[in-house]
Amino acid sequence: MKIGVAVFPGSNCDRDTLHAVSLAGAEAVALWHEEPDIHGADAVILPGGFAHGDYLRAGAIARFSPIMGAVREHVARGGLVLGICNGFQVLTEAGLLPGVLQRNRSLRFEHGWVRVSVERSDTPFTRSVPPGVRLRLPIAHGEGAYFLPEADLDALEEAGQVVFRYAAPEGNPNGSVRDIAGVIDAGGRVCGLMPHPERASERLLGSDDGMMLLRSLATSLASLEAQPA
Amino acid sequence: MTSFRYSVSIMPRAGILDPQGRAVEAAMPHLGAMSVHDVRVGRRVELSVDAEQEQEARMVVERLASDFLANPLVEDWHIQPAEASA
């Protein structure tokens, strides 16, 4: 079971993510963005940071990195992809997830702990989260305000594609519509969220709630492997 | 082959919250400008395209604007010919 973590110029959460993936029991491999190959990874994580300096718009240039062609092929084969923070921005810019992440309403870089409700525990990314549990996860972003036109939002909600929402007591930190913190694609294979599960991977860090998500991913891959070919 | 120069203005779409424009507007009274309102902040990209015909160059810019320079979900764009720099 191998999980690849893409490394773009400007990624800065790749090492933490690799470490957290190992803690989740999977083999963690770094994938350099210039290689059009995911080297046999069973799932790919696009980590946080500032890929290509966030020039133009966050994620706008990263979508053209050669690795993204391989990620698209992986998605087309039904493979799992998780985008964290900047990785979520890359997935929306690449058209692999709906919506856009805009400048925080406060205009400030928002960082700190938030509470996140998990709207669905039947996805490959949330299956290890007990129902009703609110995750305590850190955020750190300047462009995290999720936006989608109203009509599209209704369709997104109806399709059950809102997976994570900012919850009390901290509430919505960035002005995201309908408190959305993370979404999944229509096929249920590509997921993105602004909070950082890898920064909440050990109790020493203040929370290990993030491991519920990474363990979900690892468990999903293990059950895929267990299926007869 | 001729070089055609364009400027592409990218602005937040009408009705889309523009926190940057709002913050800039809120600062203007500090300069005594009390009569200013409806401030919007966008960006401008200038570029040159080599082509035989202007129409051909324009098509390249239009595609780049809609697929890359702007995000059509939240931004509008406007393409204008610009003075070629030396």
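Leaving aside neighbours within four places in sequence, B:Glu75 is in contact (heavy atoms within 4.5 Å) with A:Arg57, B:Ile10, B:Met11, B:Pro12, B:Arg13, B:Arg43, B:Leu69 and B:Ala70. The model is predicted: local features need pLDDT of at least 70, side-chain atom pairs count only at pLDDT 80 or more, and totals for chains, interfaces and linings use all residues. Residues are numbered from 1 along each chain as its sequence is written, chains are lettered from A in the order in which they are written, and side-chain values use heavy atoms, with hydrogens and water left out.

B:Glu75 sits in strand 3 (residues 75–81) of chain B; strands are DSSP runs of E, at least two residues, and helices are runs of H or I, at least four, both numbered from the N terminus. B:Glu75 counts as buried because its relative accessibility is 12%; buried means under 20% relative accessible area (1.4 Å probe, protein chains only). Its side chain forms a salt bridge with that of A:Arg57 (3.7 Å, N to O). A salt bridge is a side-chain nitrogen of Lys or Arg within 4 Å of a carboxyl oxygen of Asp or Glu. The side chain of B:Glu75 also makes a polar contact of 3.2 Å with the side chain of B:Arg43, and it reaches the backbone nitrogen of B:Asn71 at 2.8 Å. A polar contact is a pair of N or O atoms within 3.5 Å; within protein, one must be able to donate a hydrogen and the other to accept it, and residues adjacent in sequence count only if both atoms are side-chain atoms.

Across the interface of chain A and chain B, the rule finds 1 salt bridge. It also finds 5 residue pairs in polar contact there, both residues at pLDDT 80 or more. In contact are 17 residues of chain A and 14 residues of chain B. The buried area between the chains is about 1,300 Å², with 66% from carbon and sulfur atoms. Buried area is the accessible area (1.4 Å probe) that two parts lose on being put together, summed over both. In chain A, the residues that lose the most area to chain B are A:Leu56, A:Arg57 and A:Leu107, together 40% of what that side buries.

A:Thr126 lies in the loop between strand 6 (110–118) and strand 7 (134–141) of chain A. A:Thr126 counts as buried because its relative accessibility is 0%. A polar atom of its side chain lies 2.6 Å from the backbone oxygen of A:Arg120. Beyond four places in sequence, the contacts of A:Thr126 include A:Phe164 and A:Leu213.

Technical notes:
Buried < 20%, exposed > 50% of the residue type's maximum accessible area, 1.4 Å probe, protein only.
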